Amino acid sequence: MSRHFIMATALTFASFAAVSAAETTDYTSLVNPFVGTTNFGTTNPGAVMPNGMMSVVPFNVMGSDTNVYDKDARWWSTPYEFHNKFFTGYAHGSLSGVGCPDMGSLLTIATTGQLDPDYHNYGTPYSDEKAEPGYYTVHLSKYDILTEVTATMRTSAERYTFPGGPGNILINLGQGLTNESGATVRRVSDTEIEGSKLLGTFCYNPQKVFPIYFVMRVSKKPSASGYWKMQPEMTGVEAEWTPDNGKYKIYTEYGRELSGDDIGYWFSYSDLKPQEQIEVRMGISFVSVANARENLDKEQGSLSFDQIRTAAHDKWNADLGRIRVNGGSDQQQHVFYTAIYHSLIHPNILNDINGQYPLMESFGEGTVTDGHNRYTVFSLWDTYRNVHQLLTMVYPERQADMLTSMIDMSKEGGWLPKWELYGRETFTMEGDPAIPVIIDSYRKGLTDFDMDAAYSAMVKSATTKGADNPMRPDIDPYLSKGYIPLGMYAGDNSGDNSVSHALEYYVADNALAWLAEQRGDKKLASELRKRAKGYANYYSKESGTLRPINKDGSFLSPFNPRQGENFEPVPGFHEGSAWNYTFFVPHDVEGLARLMGGKKKFVDKLQMVFDEGLYDPANEPDIAYPYLFSRFKGEEWRTQQQVDRLLKKYFTTNPDGIPGNDDTGTMSAWAVFSMMGFYPDCPGEPFYTLTSPVFDSVEIDTPQGTLTISADRESPDAIFIDSMQLGGKPLNSHRISHSDLVGGKTLKFNLKNNHK
């Protein structure tokens, strides 16, 4: 009880401090939601609350050389791309910074003139696009309609200002990013409809589908309304659209529900006044239509559009204001707060306002306890490296619920999540990433969860043989040989990624070894520590890199360690080359250096990776590379130099201002930590590597109180650390524990112009 009281008091203090600061500073004005909306960043400028279930996102994916909607013209994993300028509706419930298509459905749009529900016809160019946290607006050129959208945690509000005359509100239930198109819609009253739509096929792979339920209301009774359905001749996969065969069947007198693969509902208004506004309100749920309605009723009630927008703004401002910076350029402040914004979108809540949520990979619903939330969209191969560390430090009440969510998933579905999506496991990417997330948070003081269940689930995935282990299907040779040979294939159908898989297992097993030791399981701890050193099997003196191993124990030959640098398939490695993975041994950097011949050879080789452009800032395995220099005394300046260079080159306020896929906030979290002056260098271990901060001062609200980081510079461009003080005392190490950092309260850097 004492621990709980202290934790609650600290969280209350941190929240109060953030709100107090937010009263005087509008941090949302420093956020640009258009950052990352091109260059495959896959963010979007839509309206969403922090970690909210609902997002309202402009849908504009199309062929690049035509104004015809075509989501399959290329690999679209977001409803929105900055350079496309052809609007086909607002999607409700979309993903941010995800590299695979899914969600992005329930498309609403307003039109003028005669009703035409054919999406090939009703799309429109647009202008005057603006966005801020919790709000988005755009003018539809074809119709002279001003559109505005905002959101609560589980609902949306849309406001359409018409030019006058006849107008329409449409909801298209057939289109979206997902390949699943089955839906049902039912008329409830003149102004309300309800229904559901199937989602799924993440990454275009056959996955278990899941429904999204919705209730939608319009603010004005229509002159007429009804359903539409695509004509049968357009449903064949070989069918091509033409103006003659692209018509829909419109139902005006039909009064029952309608189901199908390409259906929708329309509301028409015969004589709107100039500048008349019609609002659309929608609630969603992943449990039931009744819950979607309850979400809508309780979260919006009688609130006006502007009141909902203001509440969204205030919530974002309070969350952003938990970290306060001074100094740096205007652009750097915009980059920083935009990165925090993107780091607070996923994971997002899954439970409805009554607490219900769909159980993981099983029938039925669960219910969270009052004051807590169930979370989803655990893109853990990405976020286990830094997003969860940011949440643990600054938003611990959310991270605590995320830990409980993951552990409860193991109770419901049998396993901890790997890449979970709305109660379904996609098995995307590598490793066993929930293990280091849970242990990392536990070692930093978040302990109020069922650790017995967590430990049991971790041991299960670390020891169960491959035939019965969906988390580690290639574990058998890993257990017997200490490595995974070529010829083993991933559960997500991504190919032969043996080295990538094993490297991730080493990190997870290193984290679990510590916990096993703490719980008195010394035999398992010893075995796990031994396993975690297995990376040495892959080191080839000939190539100077980690190298795939054949089934007979020989190294793959011929072998080009640069193959894969452009994301082309390469044996043994996933989404990268051997150079992107060779230094990914964060739990034993010194041991890897010994394999390479010592400190100098390690540092020279790592520097070569940067000098020859072999470092990929847009993918996870090597994003911590800049911080590895600081493990060796006298080489810390290289970390400071590279972090400064990478921030300036790849993180900007432009639409391409993220180096690539944001991966549910992972790239953004890299920028947040790096700009503050420290980075979590090994998932599962409560340590940070220090670097020079971008700002003159940073104040971070943590459960232990406010951590203040400051920098005195020899000149405005000084980036090299001359000396440091923690809590007023000299600090000589560039690696620091979490408890020492937050307990020290103040961290001061003295920066000079050169490193000599």
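Biologist: How much space lies in the second largest cavity?

Modeller: This is a predicted model, in which local features need pLDDT of at least 70 and side-chain atom pairs pLDDT 80 or more, while totals for chains, interfaces and linings use all residues. Residues are numbered from 1 along each chain, and side-chain values use heavy atoms, without hydrogens and water. A cavity is a set of points on a 1 Å grid over the protein atoms alone where a 1.4 Å probe fits but cannot get out. The volume, filled by probe spheres set on points joined across faces, edges and corners, is for the second largest cavity about 90 Å³.

Biologist: Which residues are closest to the centre of the second largest cavity?

Modeller: Its lining (residues with an atom within 4 Å of a point) has 14 residues. Seven are nonpolar, seven polar and none charged. The closest to the centre are V48, S55, S94, S96 and I345.

Biologist: What is the volume of the largest cavity?

Modeller: The largest cavity is lined by 15 residues, with F584, P586, P621, A624 and D681 nearest its centre. By class, 12 of the lining residues are nonpolar, three are charged and none is polar. The volume of the largest cavity is about 140 Å³.

Key:
1 Å grid on protein atoms, 1.4 Å probe; cavity = no way out; pocket = protein on both sides within 12 Å on 5 of 7 lines; lining within 4 Å. Nonpolar A, V, L, I, M, F, W, Y, C, P; charged D, E, K, R; others polar.
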